[in-house]
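Colleague: I would like to learn how to read features from a model. Please take them one at a time, with the general idea and then the case.

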Amino acid sequence: MSRALQLARLGVNSSHPNPRVGCVIVRDHDIIAEGWHEYAGGPHAEINALASLSEKAEGASCYVTLEPCNHQGRTGPCTEALISAGIETVFAAMKDPNPLVSGKGLEKLQEAGVKTNFGLMQQEAHKLNQGFVTRMTEKRPFVRCKMAMSLDGRTALASGESKWITESAAREDVQRLRASSAAIMTGIGTILMDDPGLDVRSVDIGERQPVRVILDRKLRMPAGAKMLSLAGRTLIFTQNDDVNTGKALQNAGAELVLISDDKFLSAVMQHLAEHEQINEVLLEAGAELAGALLDEGLIDEFIIYQAPVLMGDKAKGLFHLPSIETMKDKLELEIVDRRMIGRDQRMTFKVNRK
């Protein structure tokens, strides 16, 4: 199963919106075939593994990181392929998180006389597909907030200047985060201040670019913004239905999504999950938007790059959180990883829900 998870990770940058899945086929403790899900619409991991066999699979065991599918999508059901191949035992790390299909693949295998087992390395498999799991169970993407700060917790000078707090190694690491994300989100304030591209530049992901998601309630986005001249899609979520402004942005290549719901941020997340099939969002924003999303329980993980520099108490902090007034209101975070990236420290925190 550990090898199957290694294979699944090969699809980190390419399997969107499908889960990352790896599979190995074993006979007498030896791996005789392996495969992984490379891209949406392509063969699933089990099918790729079966196709790589140089001998019959009859009587062999199959280790797969996600329960084999039992439904017809763009490809056929993997359960039928495994049954037809004569697989004797299937070990699945976790059940499919989609409540409409969870467990049905294993049931189909059992009905055909295939022995099944699930739960082996389940935690590792869940973490690898935490975006897919969140979309299936909570109807929203998994949101990872990336920020860079000084030793005294500052993200920008009072003027808004923030380039560069961290050094090049940390910025290269961010490129890898972008590459593995289905969407990169920011607010209009960041656009007006920095005019970022929000694209993947130094990691090879083929022609795919993460969807750029801009939250712009009043529709202040300039039609000449840098990102609108780059490859890939730019979605602008707004509450302003001004026809002229909207038309200029659409002519420049943007796609506008009008949100009338009072719960703007939650409605954006729901739209991304249901209409765009976005599993993982990388949030690159300032204190206002980051604080608002955190306040509404819409951030799942933080990746904070801390540089060994001081910026002073007049500089801007990480989050705007006016709802925290007493110590009992403080938000609890769990440190899940800490490492050096060049001279900067990268810390990963999980948000603990109350």
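**Reading a predicted model**

Modeller: Start with Leu230, which has a relative accessible area of 26% and is therefore partly exposed. On this scale, buried means under 20% relative accessible area, exposed means over 50%, and partly exposed lies in between, with a 1.4 Å probe and protein chains only. The model is predicted, so local features need pLDDT of at least 70 and side-chain atom pairs count only at pLDDT 80 or more, while totals for chains, interfaces and linings use all residues. Residues are numbered from 1 along each chain as its sequence is written, and side-chain values use heavy atoms, with hydrogens and water left out.

Colleague: Where is the place of Leu230, and with which residues is Leu230 in contact?

Modeller: Strands are DSSP runs of E with at least two residues, helices are runs of H or I with at least four, and both are numbered from the N terminus. Leu230 is in the loop between strand S9 (211-215) and strand S10 (234-238). Contact means heavy atoms within 4.5 Å. Leaving aside neighbours within four places in sequence, Leu230 is in contact with Gly197, Asp199 and Arg212.

Colleague: Is Gln306 buried or exposed?

Modeller: Gln306 counts as buried because its relative accessibility is 14%. Gln306 is in strand S13. Not counting residues up to four places away in sequence, Gln306 touches Met149, Ser150, Leu151, Asp344, Gln345 and Met347.

Colleague: How many residues of H6 are buried?

Modeller: Seven of the nine residues in H6 are buried, so the helix is mostly covered. They are Gln130, Gly131, Phe132, Val133, Thr134, Arg135 and Met136. Among the elements that cover these buried residues are helix H5 (122-128), strand S6 (142-149) and helix H10 (264-274). Strands S12 (280-283) and S13 (301-306) also take part in the cover. Just after H6, Lys139 takes a positive phi of about 60°.

Colleague: How many cavities of 30 Å³ or more does the structure hold?

Modeller: A cavity is a set of points on a 1 Å grid over the protein atoms alone where a 1.4 Å probe fits but cannot get out, and its lining residues have an atom within 4 Å of a point. Points are joined across faces, edges and corners, and a volume is the space filled by probe spheres set on them. The structure holds one cavity of 30 Å³ or more. The largest cavity has a volume of about 60 Å³. Its lining includes Ser15, His16, Arg20, Leu128, Asn279 and Glu280. Helix H6 (residues 130-138) gives the most to this lining, with three residues.

Colleague: How many disulfides does a search of the whole structure find?

Modeller: A disulfide is a covalent bond between the sulfur atoms of two cysteines. Here it is taken as a pair of cysteine sulfur atoms within 2.5 Å. The search finds zero disulfides. Cys23 is in no disulfide, and the nearest cysteine sulfur, that of Cys62, is 3.5 Å away. That distance is too far for a bond. Cys23 is buried, with a relative accessible area of 0%, and Cys62 counts as buried at 0% relative accessibility.

Colleague: How many aromatic pairs does the structure hold?

Modeller: Rings of Phe, Tyr and Trp (its six-membered ring) pair if their centres lie within 6.5 Å; planes under 30 degrees apart count as stacked, over 60 as edge-to-face and the rest as tilted. The structure holds two aromatic pairs. The rings of Tyr63 and Phe91 have centres 4.5 Å apart and planes at 5°, so this pair is stacked. The pair links distant parts of the chain, with Tyr63 in strand S3 (residues 61-64) and Phe91 in strand S4 (residues 89-92), 28 residues apart.

Note on methods
On a 1 Å grid over the protein atoms alone, a cavity is a set of points where a 1.4 Å probe fits but cannot get out, and a pocket is an open set with protein on both sides within 12 Å along at least five of seven lines; lining residues have an atom within 4 Å of a point.
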